[in-house]
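Here are my notes for your first read-through. Keep the chain open beside them and check each point as you go.

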Amino acid sequence: MDINDHFVAFLDTTVNLKQWKLDKLDGHVTAIVSALQKDTEVGPLYKEHIPQGSWAHATIIEPVGAFDQFDADFLLHLEEDEAWSEDPGEYLRKIRAAFKATSTYKDKVTKKNRCVRIEYAGDCHVDVVPHLTLSDGRQVIINYAENTFEETNPGGFSDWMQERDTLTGGNLRKVIRLMKYLRDYKNTFDCVSVILTTLLGGRVQAFNADSRYADIPTAFVSLLEDLDSWLAEYDEMPLLDDPSCPGTSFNHRWTEEKYQNFKAMITKYAGWAREAINAEEDKALVAWQKLFGPEFTTPVVEAARKAIATSPIRASTRPPAARAPQEEFIEEKGYRFSARYMARIEGRVEELGGFRSRPIRSRKFVRRGMSLVFSLHTDTPGQFEVIWKVRNHGEAATLAGNLRGQLLKSDFNSRIRRETTRYPGRHYIEVYVVKDGVVVASDHHEVVIE
């Protein structure tokens, strides 16, 4: 029995939101946007609408148990109104008023702290999040309780998610869905989706990724154990930074009590997952049921598993990439691996006069001939070694014989790497934090040059 096939079937039949519901969601959003465009005050400010959160990141799941509704968010990108911006809560009030003025939505609308919610009883709710680009270039949403703007970078977060999902061969999104199912099925911990996504995505490592995320159960166990190891370093809730928006954190969306409970549950469930993946074949299903319940082996799932098992399409893995002539891989250099700490690369374009620009993740691409500075942010204590890797792609870099890919050692605790954009294409930079011959953290950052 291939347990990965069973995971694929379990996701398809039980966890993933059904396509007809996604189609219905599209219809709801189209109607909501149409109503707002017709409003005399909100309509003229409308620019576009952008899927947000679990809907945008393809981690939305079927309702579980008492959770009889699914939910979805979208950003309502508006032109800034200077008068409203003096009192940011006005954006939420105006959107609520626009819905109240319609016969369709007047009884369905509720103003929340960062959104206006449209409730479809017994079905779903849709959160409309006003989103602005201010005159200084900052992208913001509104915190009504504090009557302030909060900086955000939805495109950058989606790009960050895509990078990490690609590193895992498409398995990160599946693991996040499984963890959200586990949260709702067990009802033993409380963690909002954006924090769960950030915590799991932040544990994805570039070290030996093809092996560590080879299939769904392997990725699930690897990410859960790495999350458990990282949480063990923090007696109290750590800083939960938005990986795409330096200086913005998600801590206000959690509590110390919820963090402590989450930490204890992750330790428990990581142990159960390790037991399940190591179980003998005749005991494996029962071991996984300890986590996911009897739905993990219903007749429907079993039938789907058998159908998948006969298909030539198996586990989702990264397509093999051609090795550059001088490329080196840290896994081949004798380093051991233990993901105990966090590493994050923050990339920026260096401006004239030393001024700091917006992060690279807030741009769609970077022009050629620009100077870039990459900063390592890590919670690794004491002395450590930093190893960088820069890998170019594309025809121009290939013709120039400059695909690179060597491991570049820095001084101890050195956290800065400078590069120049020369070749068009989608390139990447990686960093490895090493203590006593052990890689304890790593990160991966893509750079698109045009």
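**Notes on salt bridges and overall fold**

1. Start with E41. E41 is partly exposed, at a relative accessible area of 41%. Keep in mind that this is a predicted model.

2. What does E41 pair with? Its side chain meets that of K94 in a salt bridge, at 3.0 Å from N to O. E41 sits in the loop between α2 (19-37) and β1 (46-52), while K94 belongs to helix α5 (residues 89-100), so the pair ties together parts 53 residues apart in sequence.

3. Is K94 buried or exposed? Buried: its relative accessibility is 18%, and the cut-off for buried is under 20%.

4. K94 also forms a salt bridge with E90, with the closest N and O atoms 3.6 Å apart. Both residues lie in helix α5, four residues apart, or about one turn of the helix.

5. Now turn to R418 and E350. Their salt bridge has its closest N and O atoms 3.1 Å apart. R418 is in strand β14 (residues 416-420) and E350 in strand β9 (residues 343-350), so this pair ties together parts 68 residues apart in sequence. R418 is exposed, at 52%. E350 is partly exposed, at 32%. Elsewhere, shared partners join E41, D87, E90, R93 and K94 into one network of salt bridges.

6. Step back to the whole. The search finds 30 salt bridges in the structure. The protein chain has 14 helices and 16 strands. Of its 450 residues, 52% count as buried.

Technical notes: Residues are numbered from 1 along each chain as its sequence is written. This is a predicted model: local features need pLDDT of at least 70, side-chain atom pairs count only at pLDDT 80 or more; totals for chains, interfaces and linings use all residues. Side-chain values use heavy atoms; hydrogens and water are left out. Helices (H or I, at least four residues) and strands (E, at least two) are DSSP runs, numbered from the N terminus. Buried means under 20% relative accessible area, exposed over 50%, partly exposed in between (1.4 Å probe, protein chains only). A salt bridge is a side-chain nitrogen of Lys or Arg within 4 Å of a carboxyl oxygen of Asp or Glu.
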